[in-house]
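Have the sequence and the structure open as you read.

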Amino acid sequence: MFEGLLLGLIDVITTPSVFFLMIFGVIAGISIGALPGLTSTMSMAVLLPITFGMDAHRSFALLLSVYIGAIYGGSITAILINTPGTPAAAATTFDGYTLAKKGQPGRALATSTVSSALGGIISVILLTTISPILAKFALRFAAPEFFALAVFGLSIIASISNNNIVKGLMAGCFGLIIATIGLDPISAFPRFTFGRAELLGGVSFIPLMVGLFALPQCFVEMEKMFKKDNILNNFNHSIINLKEFFQILPTIIKSGLMGGFIGSVPGAGGDIAAFAAYNEAKRSSKKDDHFGEGALKGIAAPEAANNASTGGAMIPLLSLAVPGDSNTAVLLGGLIILGLQPGPLLFTQQADLVNNIFAIMMLGNIVMLIVGLLGIRYFVKVLSVPKNIIVPVVLTLSVVGSYSMNNSVFDIFVTLVFGIVGYLLLKADVIVSPIVLAVILGPMAEENFRRALIMYDGGFSFLYTRPITIVFLTLAIFTVITAFLKQGTFKRKAKKKI
Amino acid sequence: MEKKNIIVAICFSLFAVFVLILTGSFPASGSQQLIQGASIFPQYLSYAILVLSAILFTVNWSKLRKLPVKQKNNETEKANNLAQLKFVGGGFLIILFSVILLVIFGFIISMIIMNFIFMLYFKAKGKIILILEPLLTAFIIYSVFKYVLNIPLPRGILF
């Protein structure tokens, strides 16, 4: 398989137009991904028509580069203004924004850039080497496995709840209830829609995320303006050094592998991968890592995982013609438009294209690394812009970002409602990330739980008779117990200090 | 903190009760309630919130009672920084007003107005910034979405 990758690399490097399209794609992806409300899927969908006149190699050079760039781009605003550009960057806010707030946005962005690139490269290696095995593994997922995966994802709430698990769990339950808005997945009964047709499909995720992250942040900045408190005016431009890089490297590799595996499961995208990797990095952290206080590993883990999910999501697409997420669904559309049929035959009939796809993903991550590192000095300039200018700009982007998802003014009002909810929760020291995680995983959990019950005639034996389900549920229990133990240790230490 | 947590517990409990009342009107599904019942998940989640709220309330109530009176007052002062809240509330009203304008006048006009009002609200210095920021923000974002990303933005009911 590596010979194929090598052939592809030579082909791509020696074709200037493909290389140029990759650079353009990465820059376009980063720019669009950084805009709050615009997802990587949207950025690919927007650029898809441009590829109609291109051959398969150029078309994929552009689309894959946009995909890679957009997933990374989401972290820039997550770090600088606590507003994740894409859902996959939501977990990056925990430590990324905290580090930027401490006056070290360059270090946070550099960690994010390096981790994203390496995570992506790890996933390409996975893609080229074990894609058939992973594809078979991913296909063994039925309703019980998806339910168990969702439960494992939800168990992460316990570890991201900042030492107040009860409040975190309450926020999680609140998010799960929000996720039940819309048509019931089994009986199609409209729940909590209050007669609004816009709510039949559920609360749109992007307006909710913009509301919970961007608006409360703007309100906090308003408070600072009121108090004439501008913490972020003093910051340094330094990036990470080699010692720090080697310290975070194991986290990047572990998270990259996790992201690749999770990304290969259809329906589990970069957002779940990022939260899961953050949880694992936090769980296995040492005392001096200081997760939640600007830990480099806390940035490296979600960023490596979400970019690694790009390669992971390509595995079922190329091997079995099953799109792993909405991004690969757009890519599947691109393949079909070009008259190609993904699946096992693609590897034999279009071997050079498959090689080029591997090479483009590999080089795309390297281009992203270079563009990202060169861009850091310009990205951090966002922090130099006076708050009385940046706040209205972010609010305008929030309004337009919420609207653009479904071309619906109703979604802007959804953003405003969740903006108030997010601000009040922030004031009450309730972390909003569990809500986001619950809204992502809620429909997956409920629908698959009920489908599993149907499969087993209303019995619960699927919880302990299916190996993958048992593994995920055990991991979930382990995660919750570890989080409670850590909270107990933290509180005991805090008492001792007093 | 204790007082905040008690307020959180009460608010979440009220939300859970509200959800339980709403789910009461959902159709029942006889013996297949767990599989087909649309109300079952929200109901279980509401019960979970009620239990968690009760834990949060009980733990913090007992802590609050042990706190000295002076500390109680300090925490109340912090939580009720009214002037600050009013400033943020004013900002929210500007956004709400602009979104209502957006329905009528479309994106460009409403966003120019929103940005201009915010500039005044934040006491931005310099007439050039006061004029340029709203115009540039609205036109650049509109152009990027309309011409680069091909996403149509609302033009309002008047145009």
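In α5(A), the buried residues are A:Thr93, A:Phe94, A:Asp95, A:Gly96, A:Tyr97, A:Thr98, A:Leu99 and A:Ala100. "Buried" here means under 20% relative accessible area, with exposed set at over 50% and partly exposed in between (1.4 Å probe, protein chains only). That helix spans residues 93-101 of chain A and is mostly covered, with eight of its nine residues buried. Helices (H or I, at least four residues) and strands (E, at least two) are DSSP runs, numbered from the N terminus.

A word on ground rules: this is a predicted model, in which local features need pLDDT of at least 70 and side-chain atom pairs count only at pLDDT 80 or more, while totals for chains, interfaces and linings use all residues. Residues are numbered from 1 along each chain as its sequence is written, chains are lettered from A and ligands numbered from 1 in the order in which they are written, and side-chain values use heavy atoms, with hydrogens and water left out.

**Around the helix in chain A**

A:Thr98 counts as buried because its relative accessible area is 19%. Leaving aside residues up to four places away in sequence, A:Thr98 touches A:Thr93, A:Gly292, A:Glu293 and A:Gly294; contact means heavy atoms within 4.5 Å. After α5(A) comes A:Gly103, with a positive phi near 90°.

Most residues other than glycine have a negative phi, and most peptide bonds are trans. Chain A has a couple of residues worth a look on that score. Phi is near 50° at A:Phe192, a positive value in a residue other than glycine, and A:Asn407 likewise has a positive phi near 50° without being glycine. Where do you find A:Phe192? It lies in the loop between β2 (190-191) and α9 (205-227) of chain A. A:Asn407 is in the loop between α16 (387-406) and α17 (409-427) of chain A.

Is A:Phe192 buried or exposed? A:Phe192 counts as buried, because its relative accessibility is 9%. A:Asn407, in contrast, is partly exposed, because its relative accessibility is 39%.

A:Ile252 belongs to helix α10 (residues 242-264) of chain A. With a relative accessible area of 0%, A:Ile252 is buried. Its contacts, not counting residues up to four places away in sequence, are A:Ser115, A:Leu118, A:Gly119, A:Ile122, A:Ala300 and A:Ala304. Between the C-alpha atoms of A:Ile252 and A:Phe192 there are 42 Å, and the two are 60 residues apart along the chain.

A:Thr128 is in helix α6 (residues 105-139) of chain A, and counts as buried at 1% relative accessibility. The side chain of A:Thr128 reaches the backbone oxygen of A:Ile125 at 2.9 Å.

Here are the accessibility values side by side:

| Residue | Relative accessibility | Class |
|---|---|---|
| A:Thr98 | 19% | buried |
| A:Phe192 | 9% | buried |
| A:Asn407 | 39% | partly exposed |
| A:Ile252 | 0% | buried |
| A:Thr128 | 1% | buried |

**Chain B**

Now for the partner. Chain B has seven helices and zero strands. Of its 159 residues, 40% are buried. Among chain B contacts between residues at least 6 apart in sequence, 60% join residues at least 24 apart. As for confidence, chain B has a mean pLDDT of 83, and 85% of its residues reach 70 or more; pLDDT is the predictor's confidence in each residue, from 0 to 100. For the complex, the predictor gives an ipTM of 0.88 and a pTM of 0.77.

**Where the chains meet**

The contact draws 59 residues from chain B and 60 residues from chain A. Together the two chains bury about 5300 Å², 85% of it on carbon and sulfur atoms; that buried area is the accessible area (1.4 Å probe) that two parts lose on being put together, summed over both.

How many salt bridges are there between chain B and chain A? The count is one salt bridge, a term for a side-chain nitrogen of Lys or Arg within 4 Å of a carboxyl oxygen of Asp or Glu. B:Lys4 pairs with A:Asp429 in a salt bridge, and their closest N and O atoms are 3.3 Å apart.

Note on methods:
A polar contact is a pair of N or O atoms within 3.5 Å; within protein, one must be able to donate a hydrogen and the other to accept it, and residues adjacent in sequence count only if both atoms are side-chain atoms.
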